[in-house]
Amino acid sequence: MSRSAAATDTTDIDAVTDAVLTASRLLVAVSVRSVAAAGELTLPQFRLLVVLHTRGPLKHAVLADQLGVTPSTASRMVDRLVAVGMVERLSSPTSRREIVLELTREGGRIVRQVMARRRKEIAKIVARMPDRARRGLVEVLTAFAEAGDEPLSGANLEGVWA
């Protein structure tokens, strides 16, 4: 079956899965290019910045959980981002014994810059799609994100994802 023929069978789980995987490769490539343009930042480090940007200051363990990594992995990433001035460690407002991690102005600037680049590249791709193919895309992608328990983007990020 050809790629376009498989894509027309919207009830075939394998065909839909293949289409999502193909789109995912494209979106990852866009993400990697947008982060690479920001300098010496890895995609996992950028994801950490996005989590802090969307959720605000977090305790270290909560951040590690949000990223789906071990606390030691999160700690190494935080150390690097603190060293370059994108994240800072602050005393918790609720307990002097606890430390929270917060995005700095520079970290926020980088998130906005990368997202603007990513948004521009995705908009170019979407603009090249035929009108009939764009119809319903928001509804379908929203349903897909909801089925995967991915929170919808907040207005403050205008479509940030990492």
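Predicted model: local features only at pLDDT ≥ 70, side-chain atom pairs only at ≥ 80, totals over all residues.
Is Arg109 buried, partly exposed or exposed, and what is its relative accessible area? Arg109 is partly exposed, with a relative accessible area of 37%, where buried stands for under 20%, exposed for over 50% and partly exposed for the range in between, with a 1.4 Å probe and protein chains only. Residues are numbered from 1 along each chain as its sequence is written, and side-chain values use heavy atoms, with hydrogens and water left out.

We may start with the overall layout. The protein chain has 8 helices and 3 strands, taken as DSSP runs numbered from the N terminus (H or I with at least four residues for helices, E with at least two for strands). Read from the N terminus, the order of elements is α-α-α-β-α-α-β-β-α-α-α. Of its 162 residues, 25% count as buried. Contacts, meaning heavy atoms within 4.5 Å, were also sorted by sequence separation: among those between residues at least 6 apart, 51% join residues at least 24 apart.

Helix packing comes next, and helix 3 takes part in both pairs described here. Two packed helices are described by the angle between their axes and the distance between the axes. The axes are lines fitted to C-alpha atoms, for helices over the stretch in contact, and the angles run from 0 to 180 degrees between N-to-C directions. For helix 3 (residues 43-55) and helix 5 (residues 71-83), the axes come within 10 Å and cross at roughly 85°. The two helices are therefore roughly perpendicular, a label given to angles of 65 to 115 degrees, with those under 35 roughly parallel, those over 145 roughly antiparallel and the rest oblique. Helix 3 contributes Pro44, Gln45, Leu48 and Leu49 to this contact, and helix 5 contributes Ala74, Met77, Val78, Arg80 and Leu81. By class, the contact comprises 7 nonpolar, 1 polar and 1 charged residues; here Ala, Val, Leu, Ile, Met, Phe, Trp, Tyr, Cys and Pro count as nonpolar, Asp, Glu, Lys and Arg as charged, and the others, Gly among them, as polar.

The axes of helix 3 and helix 6 also come within 10 Å, crossing at roughly 110°. Helix 3 is therefore roughly perpendicular to helix 6. Leu43, Phe46, Leu49, Val50 and His53 of helix 3 meet Ile110, Val111, Val114, Met115 and Arg118 of helix 6. This contact has 8 nonpolar, 1 polar and 1 charged residues.

In soluble globular proteins, nonpolar side chains tend to be buried together. Leaving aside neighbours within four places in sequence, Leu48 is in contact with Leu63, Leu67, Ala74, Met77, Val78, Leu81 and Val87.

Charged pairs complete the description. The structure holds 5 salt bridges, each a side-chain nitrogen of Lys or Arg within 4 Å of a carboxyl oxygen of Asp or Glu. One of them joins Glu121 and Arg33, at 2.2 Å from N to O. Glu121 lies in helix 6 (residues 105-128) and Arg33 in helix 2 (residues 13-36), so this pair ties together parts that are 88 residues apart in sequence. Glu121 is partly exposed at 23% relative accessibility, and Arg33 is partly exposed at 42%.

Another salt bridge links Glu98 with Lys59, their closest N and O atoms being 3.2 Å apart. Glu98 sits in the loop between strand 2 (87-91) and strand 3 (99-103) and Lys59 in strand 1 (residues 58-59), 39 residues apart. Glu98 is partly exposed at 26%, as is Lys59 at 38%.

Arg109, the residue of the opening question, forms a salt bridge with Glu106 (2.7 Å, N to O). Because they are 3 residues apart in helix 6, Glu106 and Arg109 are separated by about one helical turn. Glu106 is partly exposed at 30% relative accessibility.
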